[in-house]
Amino acid sequence: MPLPPLEDLLLVLEYVALPAAGGAALVAAALLLLGRRAGAAAAAAGVAFGFAWANHSARHLGWDAESPLLPWTPGDDAKPWHHLPRAAFVLLAVGLLTRWVDLVAGHYLPERRWWVANVLVWVPRAAAVGVVSNWLVSEKTAGEVWWLVPALAAAMLLEWVALDGVARAGAGGQVAAYQSAVFVAASVLMLYHHWASASHVALMLGGAMFGVAVVAGLAKADASGAVPAGVGVLPALLLAAHVSQDSNIPQAAFWLVALAPLVLLPFLVPAVARRDRWFVRLARAVLVLAPLVAALALAARHEQLAFE
Amino acid sequence: MARTLIALAAAALLAAPAPAADAKYPLTGENTTITFTGFKPGGKHDGGFKTVTGSAVVPDGDLAKLKIEVEIDCTSLFSDDPKLTSHLKSPDFFGVKDNPKATFKTTKVEKTDKGYTITGDLTLLGKTKAVSFPATVSATADTFTLAADTKIDRTQWGMTYGKGKIDDEVALKLAVTAKK
């Protein structure tokens, strides 16, 4: 795959790397001040800050001098993807609130009532996913394909279960790194799909996740707080891309990237998670990267990049 | 005397010109060319639309009463670079999957020293804005011709991608040679 022109690469560094570094600095500062117990909240704040900075700085880099790449407040004629920032922030907030509920429930409930804590955590999360998935599919598309909204909600919830479960088992930095890789792959897929804005959005979130991954990995902190941001954006962005733009890329490529995080579900099984750590880490990384490579290979076979 | 008067009246009736019928000229991709040029620092790109349907009606032979209704199939968009064409069809620009049609409908035509000024409603990306442009127009018994060069601000229709890197103004060229 050829590299884009140097000028474009430098632009990407400016609107992705700097905000990612800013998000990472925020996470580092929070961990230093509040300790590792604040890891989840710090990760959520870091990814939100990194993405918000990148979205805002897009206006200075020529995408639209008067407004961010994605509007903070969708207007009346908003497209479904204009609701992505709002969806991500809602899920981040619900994720953190339900974490707090989980901590309180764990403190006060007897051990045999562990399932009550799970209900208190996952029912609100499922409800939040149900609400935001309606924002992210247009009425017209939802009317034409009745199962799209429920399928999107199911994908988002399952990805949240998979990513949150693995992150909270001590692999917070790695999960943020997996999400970063998935979003970078999504960004390249969008380039092949000839939708530049969607590529920028994916790259911005990939950069923000990378910043969180580096700090959480070094500090061995819990970065599960950042997971909902990726959950709220990934499947919806790829769905919007497939619905709103035609290209020769097979549908399978979009599915492979959108659902890549689900390969982590088997690692929630205690017997699997108890295997040798290096083996589990290697297996997880390979399983996450494999569908991404396959998706990009499919895209490269059917389309050409603008600068090729 | 009465016979003379009757003969004179009959002659007057026969000499009076019959009221002109509305002349309708169908507009298609074959007789109507709609092209555009987008500009960026250090360059430009040309493009257009291949599929157009509509009509130009000249009531009573009076071009000042000209009515044009045109529907443009945005999926027929082309440009000087196939990869750019794909990007132009994306939601960053024309979003042709969600907005497959653009329309133009005249609301006023005024005679000027150099030709005519045509005013109409251009609907693009689901938004309707009034546009006005000078044009050279003529209509004979069986041929209608129109030529116009104008510019529009794409951001007025919500096409804001690249604002600051790509010029907001897009040059539009229209050329019609339509036969009845």
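A polar contact is defined here as a pair of N or O atoms within 3.5 Å; within protein, one atom must be able to donate a hydrogen and the other to accept it, and residues adjacent in sequence count only if both atoms are side-chain atoms. By this criterion, 8 residue pairs, both members at pLDDT 80 or more, are in polar contact between chain A and chain B. The structure is a predicted model, in which local features need pLDDT of at least 70 and side-chain atom pairs count only at pLDDT 80 or more, whereas totals for chains, interfaces and linings use all residues. Residues are numbered from 1 along each chain as its sequence is written, chains are lettered from A and ligands numbered from 1 in the order in which they are written, and side-chain values use heavy atoms, with hydrogens and water left out.

On the side of chain A that touches chain B, the elements giving two or more residues are helix H7 (196-219) and helix H8 (227-244) of chain A; helices (H or I, at least four residues) and strands (E, at least two) are DSSP runs, numbered from the N terminus. This side of chain A comprises 10 nonpolar, 8 polar and 6 charged residues, where Ala, Val, Leu, Ile, Met, Phe, Trp, Tyr, Cys and Pro count as nonpolar, Asp, Glu, Lys and Arg as charged, and the others, Gly among them, as polar. In total, 24 residues of chain A are in contact (heavy atoms within 4.5 Å) with 17 residues of chain B. The two chains bury about 1700 Å² between them, 46% of it on carbon and sulfur atoms; buried area is the accessible area (1.4 Å probe) that two parts lose on being put together, summed over both.

Salt bridges were examined next. A salt bridge requires a side-chain nitrogen of Lys or Arg within 4 Å of a carboxyl oxygen of Asp or Glu. Over all chains, the structure holds 12 salt bridges, and the count between chain A and chain B is 1. The side chains of Asp246(A) and Lys97(B) meet in a salt bridge at 3.2 Å, N to O. Asp246(A) counts as exposed at 51% relative accessibility, and Lys97(B) as partly exposed at 34%; buried means under 20% relative accessible area, exposed over 50%, and partly exposed in between (1.4 Å probe, protein chains only).

Within chain A, Asp164(A) and Arg125(A) form a salt bridge of 3.6 Å, N to O. This pair links distant parts of the chain, Asp164(A) in helix H6 (residues 148-192) and Arg125(A) in helix H4 (residues 114-135), 39 residues apart. Asp164(A) is buried at 6% relative accessible area, as is Arg125(A) at 1%.

Within chain B, the closest N and O atoms of the salt bridge between Lys101(B) and Glu71(B) are 4.0 Å apart. Lys101(B) lies in strand S7 and Glu71(B) in strand S5 (residues 67-73), so the pair ties together parts 30 residues apart in sequence. Arg154(B), Lys163(B) and Asp168(B) are linked in a network of salt bridges.

Lys83(B), located in helix H2 (residues 82-89) of chain B, is buried yet has no salt bridge. Its nearest side chain of opposite charge, Asp81(B), is 5.7 Å away; Lys and Arg count as positive and Asp and Glu as negative, with His and the chain ends not counted. Leaving aside neighbours within four places in sequence, Lys83(B) is in contact with His194(A), Gln304(A), Leu305(A), Ala306(A) and Glu308(A).
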